[in-house]
Every structure is written in structure tokens, then in C-alpha cells.
Amino acid sequence: MGDQNVYWTKFTTGCSSTLPTEKEADLEKIRDALLAFHRKHYRPENLVVVVAGPQQLDELESWVVPRFGPMEAKAFPVNDNEMTEIERMIATAATDAPPFAAKDPPAPFNPPFRPELQSGWPVLLTVKPVRSMRRLVLMFPLPSVRKIPDQSPTAVLSHLLGHEGPKSPFALLQNEGLITSLSAGNRFGEPTFSLFQVDISLTEKGEKRWKDVVDVILQYCRFLHLEGLAAKNGKSSELSRIWEEKIALNRIFFDETSPGSVYGLCPSLAQSIMSHGTAASMSAGYMLQEDASTFPLSDFEKFTSSLVLSNCIIERSSEAAWAEMEESSDPSKQLKTEQWYEVEYFLSDFEKKDLDCWSGADGSAPYLDASSLTLPEPNRYIPRSLELCADLPEDAKVGPRIDKEIDPPNLLVNDPILGRLWHRLDDRYALPKAHLSIGIANAESENSKVHGVWTYDPKKSAASSLLASIFNQALAQETYDAELAGLSWSLSLTSSGISLDCSGFSDRLSDLGLTVLKEFLKSSFITEAHFDGAKDRVLRSLRTFFESRRADSHAVYYRNLLLDSSSAGIEASLKATEALTLEDIFEQHKSLLANSEIYLDCLMCGNVSEKEARDFFEQSTRLLLDAREGKSLANTDMWFPGPTEKRLAPLDEVDLKFQSRNPHEENGALIITYQSPIPAFRGERLSSPESLESSASLRLLCHILKEPLFNELRTKQTLGYIVSSYYDMALSMRPAELKHLGPQCVPIDLITIAVLSRKVDPLQLKVRADEFLDKFRSILLTMPDSEINSHATALSTKLLKPIQKLETEASTNLSKIRRYASEVGSAVGDMPWSNAKVMAAQIQKLRRQDLLNAWDRTVLPAHRSRVVSMVHGSSFPLQAETTKPKPHTKIISNSVADIISMRKSLSPYDNNPSERRSSIGFPRFIQNRSVMALAAASFVGAGYIGWSLIAKTKKRSSS
């Protein structure tokens, strides 16, 4: 659609047609062009170097200056007559680039998208999505704002059009049941133009009424333009009030946010230096020099006058939209193909009646009346105070003390009716922030009682997932201001029960937590509109799970289905969800609150005093008691639910072989998971020395294994573009039938190998991986002591690296509370708060023989227990099995039913290694599970397969 003469539309990646390589002369030309391009552009005057670390500035400078200071530019001719043909081509191409550096003047407005290129706008762009979606986007070319990051009118427009509070476009359309999400902002922010967009996800109902949605957005754009005119004429101060709110919040975020990871800081800071210069690189966009008088009213009026139909591209992306265009007899429609990626799309015009309605023409009634919409109300969640807690010692108020050892939370309340309150006043970060968590162990989230024993119930699991999704959707309007003010919250229903987490500035955090809890305890948020939207979103996710994901994601799914899932798989989840009714959701909400077998843990940490923690606990437990009609919140005679892993017997191996169900997937995947026969270390007073030594050894082995495995399989053999190995941990709660033994959580050490390849068949990937692993023991046997000690020191240092974020600290402590607090009971001193320190010390003590022993019992074929999950892409389709399985090996091929059948034969992973059982009938198999370090794996880490898109995740940790 764009002007092919504008730099922005040029192909930046390259392909065989733009970079021909068939002839030797072509290759030489490409090489010469690359070298000329390097000489022209890779020059010291174009270079920005950013180095960040905990060292002093003088030390960092001493590392950088001697290395980069002596750099000299390579010669590149200045005069045209001195250039070669290739150099002239490079120099000419460079003239297309717009001014980019901070020192360069603003570039003139020159958008690649203009109405005359399509014979006038608006124009409808229709594309067919690869994944299931119903997307509607309104796009408007606007002037660039790169040179005015602190007075950007598009930042104001993003805030106003993307607002989700009451009386916003989002609120009106959500209440009508037409949309599930709405965001606004620059799709592209270039030196010569911005492409501003309003991006909307539609419900099934909204897909049919998409023209109503367009109408509401355009009505609100006209409203914003009128508000700008009113402000210009002195008739309204609302825009100035909103501007001042943005200034206040930006200053708070700038002053009160601790630095992120250096890996994220360095590239973003380098980009900012390039765009805004050194002086403004840290503060650009934070509005530190702005006040009420600097609101860019003239630019706001100018930009809002461009949010009109005659400057608008409307994009639809859905299966239904594509089908409509294919079947349409509209003479204006044009089927086009994008030249580089060969993506097909339709362009078409609109009917006059739609244009009259959308433009607000005289005598034309709107499709959906938006006259009730207003500007956002004042944000009630902006912090009133940023003072640090008065209970802190003075030295803790001076500044961050990240190197200070973290004190464990204090148990303030241990009440037989109310549950437990844990508290830790932060004395490390010196920030006015806090974190609160309420965890309610509640088996009703995924189970029902059968003959007096809690048993997994697919209907309850599906209902809980929908309930959580409905609630998160329902509270979007109510809590949007809190999000803008730096507060966040999440409520999830997991295999362990109900979990509510809130974090952000401490001043308003308790208010947010109580608001969210109060709303959840009601049932008024369960409406037909929210139910329909949530159910539709979940069903689309389940229906496209296999077709839209990579082979490695499928491999992890099949492995997890065997080892840690109670579900019967995606298809069963889909069936259960399809059958749910609105009444089922009401019933699930009622049963969660009515269950007598629950236990509450509350953690408050950060800039919050003991009194404030007690006050919040008192108010929240009162709300819960009222909702539960006085039933106890701390039933100790109950089953504490959670994930239950299965144990493989020694020598057991399960090979899972499946064909990818993604028709576009060419890659095959291999996931090998080894399960340690010895339970992982839980804590000094909860585990044996054997567990500590085993866990430490496996962690160090994984640290040593990572680089040589990558070098051999990825670099040398080039098996695939993803080759990795890593340590992982699974968790297993004592199952309901063993409730009489008391609560217990058993962690399991795992070693995982992952390969994604289009070059080699998954079966051969397994052979290659095994060949390397067979050799690794010899590598370990001959490795110099100094190298082993170096790995041990590096890993120990990593484990002891101070936690940098309050949220990370809270999550670490909360996971230990949820795993072990019910087991230790009143013996709070047994809580394993300092596991990292204990583990690091043990790693330093390990000898070569300890590593060999751990390797032999976990990986050596004579002892190992492992799952090998293989998924075949189109490059190497799955073939029928022709060879007899090796002893102790079970092969499951393309059968989820066989996975479920095998899983039923496996026993839970207990905490007594002496009770490992041998295989019965067929090897008892598996028991591993862990969260993949691959991008795709996070989707399948849920107790109820396929539900992690709804924040229903099973907690996994390697710490």
C-alpha cells in the first residue's frame, strides 16, 4: 500500500531475488557491497557505546576507552568520480535515509501511506490471519514526534483513546459485548511520520457489528477535537488536568523505579542517545521539564483534526472478514499480493451510508450512540505520599542496600480460624513500593469429591479458568486507573487454589487489594457479556493450539501430559469448555466460597509497616468470613492441593512420537528430560544430606554441560537453530488419597535437552544427542580440577547474586510459604529461607566423584529414567515403527489416549527414595516436568492443559 519511492517501504531483510547468489560473480558483488556498506556506515562518528554494571564509573571507563578510543574510520570516497560502481550504489542508497541522529534537524512530513495512492480514503484493508483472531485496526498517518518526546500529542491521544476506565470507548464497547481489548498508540514512529493506530480485539458479536465499533472510535475522535478547541478558547481545563496527571506520574516513575536488567538497559539507552542525545537520553519521555503551561494544545488540535475518515486506513483481520471479501461482489475490491513475502490482501471501498454515518453527516444517525463518553475522571490511585515507612532505621532510608542479606518474613499471625499473615518491612530497596499476596489453598478449583476423596474434575477446572478470565475482564474498567498509577494485580485459579497478587506504590496498594478481593467475593461480575467474551477467547485458543505453535511447544505439551497433567489433553479441555454455561460459572464461584477445606496465607512485604499489614489482614479476612458465612479460613485437617508429578522407575524410558499438527511447521523437535531418582533439596531441616548433594551436583553438571553440548550439536554439527540444555525443577504435592500423612511438597531435579531442527529427523537428533551424552562422562572425567572449580565458583556466584527487585523477593518467599509452611506448621524456624546460600556452599564443596555419581544415576543408560518427546514436522514426517523397542523402553506413537493410560499406571513422586518401585506390567514411567527455557513452553506449564493464556499457571521454579 505504501509509496515504493519512500525509504520506509524498501525491503530491509533481503532474499534470493534481491541478493542473488547462483553465480560466482553475484556472490562477489554481494561481498563487495557488504564491505562498502561497512566502510560507509560503520564509523566511529556513528557509534554509540553503552556499558552498564555494578562497577564504579572509573573502572567501567577504563575498560571501554582503551578499546574504543583508538578506532579509526576506514576510507570511503567523498567525490562521486572517485567511487567504484558498488561504492556509488551504496552512497546513493544512503541519500534515501531520513535524518535520524539527535543533532539532525526534524525531517519534513513524508508518510509512505497517502490517500492518493489508493484513489482516496478511507480504504478497507482485509488480511487473512495465520492464528485465530478477530482484529480491527484504525490507522492514521500523522507527523513524526521523535523530536518532541516530552510534548508528544500522540502520547496524549494514546492515553485518551486507549483509556479503559468508565465512560471511555473501551467501556462502552465492552459493555455492549463487542470487544475484549483496545489499545492506542504509534504503530510506527519514524523520523518522517507516525502511523497512529487504534487496535481492537473483537468478540464474535463484535465481528458482526464491526461497523458500530468503527463508528464509536470516530465519534470519540471528533469529541477529542472539540475538547481541544474548547481548551484553546479557554472554555475547558480538563485537558490541562489530564496533562498534569501525566506529568506527575511520569516524574514518580522516573524517581521511584529501580533500574532494570543491564541487558535491557544498554540497548534502549544506546537507542535513546542516538535519538535524543546524551543529556536527555535517560529522561526523554518522562516530561521532567513540563508543567500545566506546556500542554501542546496547538499540536493536539492539529493531530485530532487528522483523526478523520479521509485520513484513515481500516484493517480487518479474521477468517470471517476474509470469507466476506472472497464472496463479495463489490466491484471496488482488489486482491493484491505483497511483493516480498507474497502475503495476499484485499483493498476495497466503503458504502456511502457507512461513510455518512461515520463522518457524522447531517441527518445521519450513528450506528451506536457514543454521546455519553467523556474525558477520563481524575485518577484516584495516584500516590498521595512517597515517604518511606517511619519504622525503618535511618540508614535504610538513605538509599538502596541491595547487597544487604534479605531477612526472612516474620509470621505475625498464626490463627486457627483466620490463617497466617507473613510480613517483611523492606530495608534494601529504599522505594515506596510494596507487594501483597493472598493464597487460599482450595481443592474446589480443579477437583470434586468422589467417595470422600478429592478427584480431578475437568468441568471444574474449565469453569475455574473461565471464572478467572471473566473476573479479569470484568475489572478492567474498575482498575485501569490503578494500572496507570503504577499498580498491578492478578487473580488466578490454579491447581493449588485461589491466588491474588498486587504490587506497586505502597500508598494505595491496600486499597487496590481490598477492592479486587471485595469484587471477587461478589458474583455480580459474572455477566452474559463477559462470559461470552471469555469463553470465545478460550475456545479459539484451544482450537488453534496445535495449528499455531512450533514443534518444540508440541513436544513439551506431550511430555507434560504424561508427567504432570491431570487433564486428558487439549481435546478434552475443549469439550469441557464448550459444554459450560453461565449457570456453571455461578455454581463454580459459589462452590469455591462454600468449600470448608481451605487455608489462607497472606504475605505483605515492602514499604509497609507491621500495623498496616495487620490492618489489611483484618479487613481482608473479615470480607472472606462474611462471604463464607463465618466458615474458618484455616482448616488444617484438609488436603493441600497442587501439582502431582509421576515417578519413573530406574531404567524406564518413554519415547513419545507425534506428527506436528501445524500444517506450516517444517521443523522437528526433540525434548529429552532426565528425572533424578533422589528428591530435590527442600531445606536444611526438611531434606537429607543426600538430597542436598544430589541437587547441587545436578545443578553444577547442567552448568558444565551447557556450553560443550551447544558447541557440538549447534555449532559443529549444526543440527538446529535451537539447541539448549538446562537444569529444571518440578514440584509434586502429596496426593489427596494420602491426605492422612499430612501436607508435603516434593521438588524434583530434572535435566533437559532441547533441539529444534529442520535439518535432521527427530529420531536422528536423539541419536546425536545420546552420542554426545555418552562422551560427556569422559569429558567430565578428564576435565581439569581448575575448570570444575571455575564452574562451581561461577554457579555459586550466580546463586548468591543479590535479588534486585522487590517483586522477585516477594515471589521467592511466597513460593516457599506455599510449598512448605503448612508442612512445618508452628516450627517456623524450619522454613527454608536461605536455600540459595546453602546450595551455593554445597556446590563449592563438590568433588569430581560427586558429579560422576550424580551423572551415572541420572543420565547413564544403566540407571536413568527419562522421557524423550519427539515431534515431526513436514521436512521429516513421522514414519511407522519398524524396529522393536529396546528393553525398558515404551514407545507411544500419535496416541494421546495411550499417554493418558500410561499416566494412570504411574505413582506420585514421593519423598522417600528408598521406596522407588520397579515397573509393573510395563515400566512405570515418567516423572519429570519443568518449565521450558524455550519461548513456546510457557503455554503448557498449566495444571489444566492449555489454560495458561488465562493466567492459570502451575508454579515452577529452579530456585
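Colleague: Ground rules before we start?

Modeller: This is a predicted model, where local features need pLDDT of at least 70, side-chain atom pairs count only at pLDDT 80 or more, and totals for chains, interfaces and linings use all residues. Residues are numbered from 1 along each chain as its sequence is written, and side-chain values use heavy atoms, with hydrogens and water left out.

Colleague: How do you know that the chain agrees with a compact globule?

Modeller: The radius of gyration is taken over C-alpha atoms, and the globule rule is 2.2 Å times the number of residues to the power 0.38. For 959 residues that rule gives a value near 30 Å, and the chain has 30 Å, so the two agree. The C-alpha trace spans about 80 × 75 × 65 Å along its principal axes.

Colleague: And what is inside, in terms of helices and strands?

Modeller: The chain has 28 helices and 21 strands, which are DSSP runs numbered from the N terminus (helices H or I, at least four residues; strands E, at least two). Of the contacts (heavy atoms within 4.5 Å) with a separation of 6 or more, 81% link residues 24 or more positions apart.

Colleague: Why is Asp770 called buried?

Modeller: Buried means under 20% relative accessible area, exposed over 50%, and partly exposed in between (1.4 Å probe, protein chains only). Asp770 has 15%, so it counts as buried. Asp770 belongs to helix α23 (residues 762-782), and beyond its neighbours within four places in sequence it is in contact with Tyr674, Arg864 and Arg866. In the chain as a whole, buried residues make up 53% of the 959.

Colleague: Then why is Leu47 called partly exposed?

Modeller: Its relative accessible area is 39%, so Leu47 falls in the partly exposed class. Leu47 sits in the loop between α1 (24-41) and α2 (57-68).

Colleague: What makes Leu47, Val49, Val51, Trp63, Phe68 and Met71 a patch?

Modeller: Patches take residues with over 30% relative accessible area and no salt bridge, joining like charges within 9 Å and nonpolar side chains (Val, Leu, Ile, Met, Phe, Trp, Tyr) within 5 Å. A salt bridge would be a side-chain nitrogen of Lys or Arg within 4 Å of a carboxyl oxygen of Asp or Glu. These six form a nonpolar surface patch with about 490 Å² of accessible area together; such areas come from the Shrake-Rupley method with a 1.4 Å probe, and for residues only the protein chains shown count as cover.

Colleague: What makes β7 largely enclosed?

Modeller: Strand β7 (residues 344-348) has four of its five residues buried, so the rest of the structure largely encloses it.

Colleague: How do you know that β1 and β7 pair?

Modeller: Two strands pair if DSSP finds at least two bridges between them. Four bridges join β1 to β7, which run antiparallel, and the partner of Leu124 in β7 is Ser348. Strand β6 (residues 334-337) also pairs with β7 in the antiparallel sense, over four bridges, with Leu335 opposite Phe346.

Colleague: What makes both faces of β5 covered?

Modeller: In a regular strand the side chains alternate between the two faces of the sheet. Ile313, Glu315 and Ser317 on one side and Ile314 and Arg316 on the other are all buried.
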